[in-house]
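Please follow the structure below, starting from a pair of packed helices and moving on to the other chain.

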Amino acid sequence: MLSKNSLKRIITSAMAAALALTMTTAAFADEPYTAYNYDYWEAAIPSQSAYRVNVAVTGADMGLGRLSDPSDPLFISEEAPSSLKDAKDLYYDDDNDTFWVCDTGNDRLLRLDRDLQVTGCFMGVNGDSEIAVAEDGESKFDGLSGVYVKESIVDGTLFVYVADADNSRAVKCTVESDTKLKLVQEYLKPETKLYDSKVFNPSKILADAAENVYCVCKSVTAGAVQFSADGEFQGFYGANRVEVTAAVIAQQLWRKIASNEQIQGMKRNVPVEYANFDIDNDGFVYTVTEAANAQTDAVKKLNPAGYNIWDNSVGDEYKFGDLTTEYDATQNKSYKCRLTDIVVSDNGTINILDFENGRVFQYDKLCNLLCIFGTKNSTSDQEGSFTSPNAIEAVGNEIFILDGSKNDITIYTETTFGHYVHSAVALYDEGRYVDAKPEWEEVIKRDGGYALAYTGLGKAALTEGEYSEALDYFKTSYDRDDYDKAFKYAREEFLRKHFTAIMVIIIALIVVLILVKILRKRGVQKFLRTIIKGGD
Amino acid sequence: MYEFSPMGWLKHCVFHPVEGFEDLRWKKQGSLKIAFGIVFLLFVAMVVDRQLTGFQFNENYVKVFNIVPLLVQSVVYFFTWVIGNWAICTLLDGEGTLKRILVYSAYSLVPYIVCTFIAVIFSNVLVQEESIWITAITYLGVGWSVVLMIQAMRAAHQYSFGKTLASIVGTLIAMLLILFLAILLLSLFQQVYVFGYSIYTEIAYRIRG
């Protein structure tokens with residue numbers, strides 16, 4: 001009996017173990033995207049995932065149900081929807097650790113805390129406005145699509161800037177209570193000849209340290225519309241250039257020949273307006289252009305005068321987004337890149353969101369591609385994939401992505417690999433190459449094909465005077481310019497070390513050559529005879 | 001007049017661009033063996049230039065190494081040049097035989113090959129700031145070879161200078177035509193092959209089933 005029992009026990013435990021093993025394999029989940037990077041020849045090569053999906057937060061998770069609960073202080077109305085709808089913008093206010101969401105489809109502005117729990121809901125602004133005033137005296141938002149929040153550097157007042165597109169206005173307001181905003185300044189369509197567009201629909205909004213307000217407007221191609229703090233139109237800021245295509249060149253030629261009437265009938269070559277922008281702590285404005293596969297001015301870093309400082313005279317070529325178009329065989333369609341939002345994180349990394357493929361491209365300060373993550377939503381509707389990603393925010397080591405179709409905010413957290421990349425790059429960009437060395441080594445342990453790591457290690461070796469090692473690293477990362485620098489030092493060192501040997505060889509060669517010449521001229525026998533005779 | 005070994009004649013031609021090839025023709029010299037050797041060295045120079053140029057100067061796509069384009073660019077182009085030139089100049093009262101054109105053309109390529117080798121050696125000891133030396137050497141090689149080639153063709157066919165230039169332009173056009181026809185022929189034969197193969201599979205299926 002006992003032996004039978006123990007046999008049973010063994011069998012059951014073995015089965016349980018087998019089951020547990022199969023279960024662990026079944027429960028294993030990779031990231032929903034395939035991580036890749038671009039090599040020197042702009043070919044996509046596999047890489048490690050630098051970010052993993054943490055969680056996707058829907059409206060219900062944010063506690064939006066509180067808005068329709070009469071007993072709650074955040075009560076708006078009985079019908080207030082408890083989900084987001086076609087949300088267009090997300091902004092993180094790092095002074096107060098709050099998120100701001102433009103819930104465009106529901107015409108409301110939401111304030112969330114660091115854990116994405118709702119702490120405020122604003123349907124409009126109170127104050128001296130003529131536009132869309134409701135019975136309770138509140139001027140309602142309509143199709144708001146951009147929000148920016150900043151504390152004034154003068155007195156620390158928190159100002160909320162909202163691009164209220166369908167009301168053709170932008171507003172600057174202060175927070176009165178959890179449900180009320182007070183209007184400070186309204187920015188309307190500029191009434192000057194300079195502003196030649198018929199409409200004024202600000203879609204994104206920014207303010208600089210001097211509280212000048214910048215609005216990106218649809219169909220305004222001359223740049224962002226700039227207002228001073230008191231609402232006066234200042235002009236346009238940082239227009240894109242026209243992308244030079246064959247059609248543009250052809251039209252330029254036709255214009256030379258055509259009569260004035262014909263020219264009037266022609267299309268004008270205007271640049272594509274940029275879709276979105278972000279401002280960093282130093283006051284530089286970063287813009288992205290959403291036009292499919294835009295090459296010219298796809299991403300810019302503008303100084304306060306509106307000049308692109310990445311378009312420099314050094315001849316550097318900065319490229320952003322996908323470098324190859326992706327072909328989807330199942331839909332017989334090729335996806336191109338459409339960069340829709342940009343955010344610069346505290347540590348200086350630049351994150352660019354691609355609307356078409358749901359990818360985030362992360363660059364360092366010097367525009368080196370660090371990693372690519374995120375993916376297009378498939379039929380399986382996986383967490384971490386996107387249908388229409390509208391906005392991106394970076395907070396600490398997390399990336400928040402707002403999806404306007406799935407109506408949620410997805411949080412991506414950096415992996416160990418991503419952590420090492422970021423800490424290495426932070427040191428590398430400061431020029432502390434040797435300090436970055438252990439970090440880069442950790443990166444290489446996880447992704448042996450990460451070219452930037454080899455450049456980093458090469459620079460560390462160069463700083464330490466290990467020239468041949470540096471040459472090897474630069475060769476691996478195919479960094480020809482840095483290889484050249486290292487080669488110069490290596491050559492100098494080689495010459496210095498072997499100077500005597502080299503000189504001896506050269507002198508010996510010269511002597512031999514002279515001897516051979518003499519021998520040929522005089523004949524060998526005569527020469528030998530002179531030697532034997534003893535110098536007679 | 002001159003009495004040289006075959007290699008001596010080669011040296012004489014290379015260093016006497018004005019009368020070298022005339023002397024060569026007058027003395028009925030020029031070795032076919034050496035000419036083929038030079039063509040082979042041209043191919044070697046191409047490979048060396050692609051593979052052994054110093055890393056800081058090498059802009060080639062090093063992920064894949066395919067020898068066929070290099071073979072075409074050296075050996076095939078050379079023989080197309082010879083045949084094209086022979087075809088054109090026979091029509092234009094040129095006195096050159098096929099052998100003579102081949103030998104003279106090959107001899108005039110020597111400076112280019114030598115300078116390519118020198119440039120490759122330089123590229124392994126110089127840095128980008130000093131790249132002017134490599135450029136200079138390369139230009140020297142190409143220029144010298146072009147001068148020699150014009151002189152060689154002039155001597156081979158007993159042309160005036162203007163007619164030589166015209167015949168060279170004609171030769172280049174002839175080369176294009178030859179290569180075009182060759183590619184056309186290749187693709188046609190490929191289609192014939194595909195046609196034959198599909199008939200074979202069709203019959204094979206019928207017989208089996």
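In chain B, Trp81(B), Val82(B), Asn85(B) and Trp86(B) of helix H4(B) meet Leu98(B), Ile101(B), Leu102(B) and Ser105(B) of helix H5(B), where contact requires C-beta atoms, placed from the backbone, to lie within 7 Å, and where helices (H or I, at least four residues) and strands (E, at least two) are DSSP runs numbered from the N terminus. The residues of this contact between H4(B) and H5(B) comprise six nonpolar, two polar and no charged, with Ala, Val, Leu, Ile, Met, Phe, Trp, Tyr, Cys and Pro counted as nonpolar, Asp, Glu, Lys and Arg as charged, and the others, Gly among them, as polar.

The model is predicted, and local features need a pLDDT of at least 70, side-chain atom pairs count only at pLDDT 80 or more, and totals for chains, interfaces and linings use all residues. Residues are numbered from 1 along each chain as its sequence is written, while chains are lettered from A and ligands numbered from 1 in the order in which they are written.

As for geometry, H4 (residues 67–91) and H5 (residues 98–108) of chain B pack at an angle of about 135 degrees with their axes 9 Å apart, the axes being lines fitted to C-alpha atoms, for helices over the stretch in contact, and the angles running from 0 to 180 degrees between N-to-C directions. H4(B) is therefore oblique to H5(B), since angles under 35 degrees count as roughly parallel, over 145 as roughly antiparallel, 65 to 115 as roughly perpendicular and the rest as oblique.

Between the chains, the contact takes seven residues from chain B and eight residues from chain A. On the side of chain B that touches chain A there are four nonpolar, two polar and one charged residues.

Within chain A, Phe99(A) lies in strand S5 (residues 98–103) and counts as buried because it has 26 C-beta neighbours inside 10 Å; a residue is buried at 20 or more other C-beta atoms within 10 Å of its own, exposed at 12 or fewer, and partly exposed in between, with C-beta atoms placed from the backbone. Leaving aside neighbours within four places in sequence, Phe99(A) is in contact with Leu90(A), Tyr92(A), Leu112(A) and Leu116(A).

Asp97(A), in the loop between S4 and S5 of chain A, is exposed, because 11 other C-beta atoms lie within 10 Å, and its phi is near 55 degrees, a positive value in a residue other than glycine.

Definitions and conventions
Two residues are in contact if their C-beta atoms, placed from the backbone, lie within 7 Å.
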